[in-house]
Every structure is written in structure tokens, then in C-alpha cells.
Amino acid sequence: MTVKVYPSLLVLFLTNTVWTRNVRQVYDAMDSEDWSRFTFECPQECFCPPSFPNALYCDNKGLKEIPAIPARIWYLYLQNNLIETISEKPFVNATHLKWINLNKNKITSNGIEEGVLSKLKRLLYLFLEDNELEEVPAPLPTSLEQLRLARNKISRIPEGVFSNLENLTMLDLHHNKLLDSALQSDTFQGLNNLMQLNIAKNSLKKMPLSIPANTMQLFLDNNSIEVIPENYFSAIPKVTFLRLNYNKLSDDGIPPNVFNVSSILDLQLSHNQLTKIPLFNAHLEHLHLDHNRIKSVNGTLMCPTSIAIEDHRSYGNMPRLRYLRLDGNEIQPPIPLDIMICFRLLQAVVI
């Protein structure tokens with residue numbers, strides 16, 4: 001088998017995916033509804049496509065407040081404006097709303113009228129990225145499936161804010177101001193169907209407590225985490241994608257078998273302080289260890305199974321590593337032969 005070894009940085013384009021119910025088409029036909037009973041009024045500041053009567057486009061209009069939303073609207077686009085407040089009045093008739101995009105406005109926590117969001121009983125997707133929120137808005141509608149709050153100033157998560165959000169599959173809190181004290185043992189209680197949790201680019205020094213058990217994608221990049229508790233991932237047995245790039249992890253902060261978890265397929269530990277390759281499970285497919293302090297690679301020690309040729313007769317016993325990134329360390333080629341013998345499915349090694 002020929003393995004391609006790239007001497008320079010390999011740019012790998014990965015798509016962050018969250019396993020959730022299929023995102024509904026933006027222009028679904030209204031189930032068993034008669035459009036004729038809705039008037040086709042349209043706020044003068046916005047655009048209402050005649051061919052898609054359940055969508056309202058008010059983005060990039062320089063708006064300072066939300067206009068009155070017609071009753072027929074399911075999908076509301078208000079991004080890239082100057083909106084500072086969310087009040088109940090514009091939503092009085094908007095009982096069918098499923099999707100609200102309020103990214104890139106000037107909304108503050110004090111600017112959200114209490115209870116206005118929880119009254120949107122059919123809301124599935126709420127986008128409030130790039131605003132000036134200081135805390136997670138509460139209360140929220142129990143119907144929510146995705147909540148995106150990236151790039152705000154959030155330092156506080158109100159107690160019980162997620163307790164009734166059983167439908168939420170994706171929570172994005174990355175690039176905020178969260179400290180360890182903001183994440184208590186019951187912070188994520190109630191998120192029984194959460195699949196993706198993004199808390200990257202905050203100010204965490206510890207691994208967060210009580211991650212929901214069904215979480216499959218956990219993103220903790222760009223924090224200051226130094227230690228991973230022993231058996232940490234046993235509480236999240238479905239975790240598949242784990243990102244811990246740009247932290248302060250050293251060899252002493254990683255228990256010997258903490259990553260020996262069969263569910264983990266993609267493990268990213270780039271830009272840390274590791275001097276050796278941590279043990280991992282034979283099911284791992286992508287391993288990112290670039291820009292650490294690793295000086296050498298021992299394939300025999302690194303191999304998660306016996307390196308004997310006869311042990312690899314069946315695919316079930318064969319290590320599944322396909323991509324290994326080691327550039328930015330102090331490792332010099334060539335790659336040891338025992339790595340090639342162990343990881344026979346390798347398609348690319350960056351060194």
C-alpha cells in the first residue's frame with residue numbers, strides 16, 4: 001500500500017456536521033393550510049418573494065427595530081441590521097414562525113423583553129450570533145432544535161435555562177466569555193437530545209461538567225484547559241468528534257486511557273504541549289497532533305493493537321486510522337516502518 005507523505009502543511013477542509021432531524025426546506029408548503037386565508041401584507045422595509053409566501057427578508061436594511069411580522073411567515077431574516085431590542089409587539093400575529101435569523105445586530109440581554117421568545121411555540125431555529133448578549137436569553141421556546149449564540153459577550157447561563165429544551169440538538173456558544181464558574185453540574189440538564197455542543201473560544205480552564213449523554217460532537221478549542229479527568233468520556237459514550245485544539249494540555253494532564261474510547265472517530269489535539277502521542281482506540285480514523293512538542297514516533301507503542309501481521313487478517317481487528325497529522329513538531333522523516341505496518345488504512349500522513 002502506498003501512503004502519501006506530505007512535507008508541507010496539508011489543508012484539510014472538514015465540514016462541521018450535526019446529526020439532527022433533516023433541516024426543513026426553507027420554503028416548505030404549509031401543511032394542510034389554506035394560503036388564501038392569509039393576507040399578503042409585507043412590511044415596506046422588507047422583501048416578500050411572491051413565490052415563497054412564508055418567507056420574509058428584512059436583512060441588510062439598516063433597521064433599528066423589528067417590523068410587524070405577518071401571520072403567514074415561517075422564516076424570518078433580520079440579519080445585518082442595527083436592531084437593539086426584541087419586543088413582543090412585532091410577533092403578535094407571527095404564530096407560525098419556525099426560523100429567525102437575527103445575526104449581526106446590536107441586541108443586548110436587557111433588550112430582550114421577558115417571555116417574548118418562549119411565546120413563539122413553533123420556533124425551531126434561533127440565530128443570535130454576533131450581537132451584544134451578556135447571558136443566554138431566557139425563557140426559550142421548548143420547540144427549539146438549534147440555538148446559535150456565537151460571538152457575543154455571554155458570561156452567564158441562567159439557572160434552568162435549558163431544562164425544558166428536550167428537542168435541542170445543537171447548542172453553539174463559541175467565542176463568548178464563559179468561565180468555569182458559569183458551567184455548573186446542572187447547567188446542561190434537560191438537553192437529552194443534544195448532539196453538538198460548541199464551547200470553543202471561551203475562558204475555560206477545566207473540562208465542562210455533566211455534558212449531555214447523547215452528545216456526539218464536542219468542540220472545546222481555544223480555551224485554557226490543562227487536564228482531562230480520568231474516565232471523563234465514559235459519561236458521553238456517543239462522542240464521535242472531539243476538538244481540543246489550542247489549549248494547554250500536557251502529557252501529565254491526559255490520563256493513559258482517556259482517549260481509548262471506541263466511539264471517537266476524529267480527535268483533534270493540535271497546538272497543545274504534548275511530547276508524546278497519547279493512547280487511542282483502534283476505531284479512531286482522524287488524529288490531529290500538529291504543533292505540539294513531539295520529538296519522535298514509536299509505531300509499536302502507538303499502535304492500539306498487536307503489530308503482528310497475522311493479527312490483521314480481519315477488518316474488525318485492524319486499526320482504522322486514515323489520517324495522521326504531525327507537522328509543527330520536532331519529528332523528522334522518514335516515517336517508521338512499524339507505523340505503516342500497524343495502520344494499513346492510512347491515506348495521508350503530514351509530518
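Colleague: What does buried mean here?
Modeller: Buried means under 20% relative accessible area. This is a predicted model. In it, both F280 and F343 are buried.

Colleague: Is I154 buried or exposed?
Modeller: I154 has 0% relative accessibility, so it counts as buried. Its place is in the loop between β6 (146-148) and β7 (170-172).

Colleague: Which residues does I154 touch, leaving out those up to four places away in sequence?
Modeller: Among them are L133, V136, L149, L173 and L178. E134, E135, N176 and K177 are also touched by I154.

Colleague: How is a pair of aromatic rings described?
Modeller: By the distance of the centres and the angle of the planes. The structure holds 10 aromatic pairs. Take W99 and Y125: the ring centres are 5.3 Å apart and the planes stand at 50 degrees, so this pair is tilted.

Colleague: Which parts does that pair tie together?
Modeller: W99 lies in strand β4 and Y125 in strand β5, so the pair ties together parts 26 residues apart in sequence. W99 counts as buried because its relative accessibility is 14%. Y125, at 3%, counts as buried too.

Colleague: What kind of pair do F280 and F343 form?
Modeller: A stacked one, with 6.0 Å centre to centre and 25 degrees between the planes. F280 lies in the loop between β11 and β12, and F343 in the loop between α2 and β14, so the pair ties together parts 63 residues apart in sequence.

Colleague: Which residues form one aromatic cluster?
Modeller: Y57, W74, Y75, Y77, W99, Y125 and F127.

Colleague: Which residue lies over the face of W74?
Modeller: K98, at 4.1 Å from the ring centre. Likewise, R243 lies over the face of F219, at 3.9 Å from the ring centre.

Methods
Residues are numbered from 1 along each chain as its sequence is written. This is a predicted model: local features need pLDDT of at least 70, side-chain atom pairs count only at pLDDT 80 or more; totals for chains, interfaces and linings use all residues. Side-chain values use heavy atoms; hydrogens and water are left out. Helices (H or I, at least four residues) and strands (E, at least two) are DSSP runs, numbered from the N terminus. Buried means under 20% relative accessible area, exposed over 50%, partly exposed in between (1.4 Å probe, protein chains only). Contact means heavy atoms within 4.5 Å. Rings of Phe, Tyr and Trp (its six-membered ring) pair if their centres lie within 6.5 Å; planes under 30 degrees apart count as stacked, over 60 as edge-to-face and the rest as tilted. A charge sits over a ring if NZ of Lys or CZ of Arg is within 6 Å of the ring centre and within 35 degrees of the ring normal.
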